[in-house]
Amino acid sequence: MHEENYVSACTEFAVGSHKSNAVMIHMAVAAKTEEAGHARYAYRLRLSPTSRRALLAEWDRCRWLWNQCVATSRQAHRAGEECGPAHLDKLLTGWRREHDWLSAGGSVPQQQIIRDFAKSRAKALKDVKARLPIRQRVGMPQFKKKELARPSLNYTLRGFRIKDGRLHLAGGIVCTVVWSRELPSAPSSVRVYQDAQGHWYCSFVVATEVQSLPETGQVIGVDWGVAEIATTTSVAHDLPHVEHGKRAAVKLARYQRMMARRRPAKGKPASQGYRKAKRQAAKAHAKVARQRQDTARKWAMRVVTDHDAIAVEDFRPKFLAKTAMAKKAADAAISATKNELIMMGRKHGRLVVLVDPKHRYPIRRRTAPPRIHQSDGCGHRTVQVRPRDPGA
């Protein structure tokens with residue numbers, strides 16, 4: 001079947017078969033690509049005490065640089081001057097020459113933290129220029145506090161290498177990588193970071209190729225909701241609401257009460273009990289996030305395997321945060337599930353069509369329209385509610 005037929009057939013499932021909706025086909029956005037592009041492969045790190053201290057010291061230097069960039073950009077804004085990445089790179093050279101403790105660290109992660117700052121500032125200025133509402137703006141970069149900002153270091157090709165299965169970073173830092181899977185190609189960059197539980201990870205950026213699947217000749221439409229996360233044109237591929245967050249709510253509330261009781265006074269260091277409760281709460285949150293991701297990936301893989309073309313409602317559930325369904329909608333993780341489906345389709349070369357929610361017809365009614373029976377003699381009316389019709 002040709003690609004044009006896929007788009008028409010797939011979009012027809014999303015917008016319905018009415019002739020008045022035929023114009024909506026042109027409003028669908030095709031997301032099929034010839035190459036999968038780049039992907040991130042994350043691995044757990046096992047660090048020695050020496051490597052851990054070296055990484056934390058490197059992060060302290062990069063965090064100081066970020067704060068210096070924030071202060072410099074604010075001064076430049078008040079003076080009406082430009083403050084781009086080229087200007088900050090020149091300042092970095094001077095700062096490294098001025099401070100011996102800064103020049104003791106690697107130049108690669110320090111240059112990358114300046115580039116990250118420049119991207120963040122450019123996006124904030126772009127939102128201001130576009131006159132977006134305040135709630136939709138990214139906001140200007142802020143100072144990173146030591147107790148709140150988690151370490152995150154980015155290294156390009158000049159700053160890392162893989163030798164004998166170990167990750168060697170600039171500055172003589174050696175990390176043991178838990179190779180849970182093989183890299184498909186040579187990485188172009190790596191980001192080393194720490195999560196809320198204190199675990200260290202490395203994330204490699206690699207070039208990937210499309211992993212084609214056998215053609216099935218089938219198409220499917222996906223509609224997002226709260227009672228069921230995904231309602232599709234195929235009953236067998238519906239995704240029910242598993243409610244991972246609801247099952248973990250009791251444990252999370254317990255750890256949060258422990259944190260509230262042991263919360264330190266302002267300006268005082270946190271106790272060991274508070275830190276332990278914080279790690280336990282972070283562990284519970286991470287478990288729920290992994291459960292949601294695992295459920296979404298398995299469902300997306302099943303949908304992509306069984307269908308050549310997929311029509312997906314381009315639903316943005318942010319507005320649900322202000323409704324009575326906010327808690328259940330957040331537990332559904334609709335955006336994460338949608339992104340997993342799009343990425344899985346891109347990975348395996350399937351055609352994914354994003355349909356604007358304003359121009360889509362309900363894929364399948366929850367219940368069939370009721371039938372009204374009226375008696376000829378007495379005029380009594382009986383309303384018969386029929387069960388859901390999968391083919392409606």
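Predicted model: local features only at pLDDT ≥ 70, side-chain atom pairs only at ≥ 80, totals over all residues.

Let's begin with α2, which runs over residues 49-79. How far does α2 reach from its first C-alpha to its last? The answer is 45 Å for 31 residues, close to the 45 Å expected at 1.5 Å a residue.

Now, α2 has a partner, helix α5, residues 107-129. The two pack at an angle of about 40°, and their axes are 9 Å apart. As for handedness, α2 and α5 cross in a right-handed way. If you want to find the contact on your screen, look on the α2 side for residues including Trp 59, Cys 62, Leu 65, Trp 66 and Cys 69. On the α5 side, go for Ile 113, Ile 114, Phe 117 and Ser 120, among others. Notice how the numbers on α2 step along. An α-helix has 3.6 residues a turn, so residues three or four places apart point the same way. By class, this α2–α5 contact has 10 nonpolar, 3 polar and 4 charged residues.

α5 also packs with α3, which covers residues 85-98. Here the angle is about 145°, with the axes 10 Å apart. That crossing is right-handed too. From α3 we have Pro 85, Leu 88, Asp 89, Leu 92 and Arg 96, and they meet residues of α5 including Ser 107, Gln 110, Ile 114 and Phe 117.

Let me stop at Arg 96 for a moment, which sits in α3. What does Arg 96 touch, leaving aside its neighbours within four places in sequence? It's in contact with Leu 102, Ser 103, Gly 105, Gly 106, Ser 107 and Gln 110. Take Ser 107: it is 11 residues from Arg 96 along the chain, and their C-alpha atoms are separated by 8.9 Å.

Last stop, the cavity. The count comes to 1 cavity of 30 Å³ or more, and the largest cavity has a volume of about 90 Å³. It's lined by 13 residues, and the closest to its centre are Ile 229, His 244, Arg 292, Thr 295 and Ala 332. Which helix gives the largest share of that lining? That's α8, with 3 residues, while α8 and α9 each supply at least two. Sorted by class, the lining has 6 nonpolar, 4 polar and 3 charged residues.

That's my tour, thanks.

Conventions:
Residues numbered from 1 in each chain as written. Heavy atoms only, no water. Axes fitted to C-alpha atoms, helices over the stretch in contact; angles between N-to-C directions. Helix = DSSP H or I, 4+ residues; strand = E, 2+ residues; numbered from the N terminus. Left-handed = near helix turned anticlockwise from the far one by under 90°. Contact = heavy atoms within 4.5 Å. Nonpolar A, V, L, I, M, F, W, Y, C, P; charged D, E, K, R; others polar. Expected span 1.5 Å × (residues − 1). 1 Å grid on protein atoms, 1.4 Å probe; cavity = no way out; pocket = protein on both sides within 12 Å on 5 of 7 lines; lining within 4 Å. Points joined across faces, edges and corners; volume = space filled by probe spheres on them.
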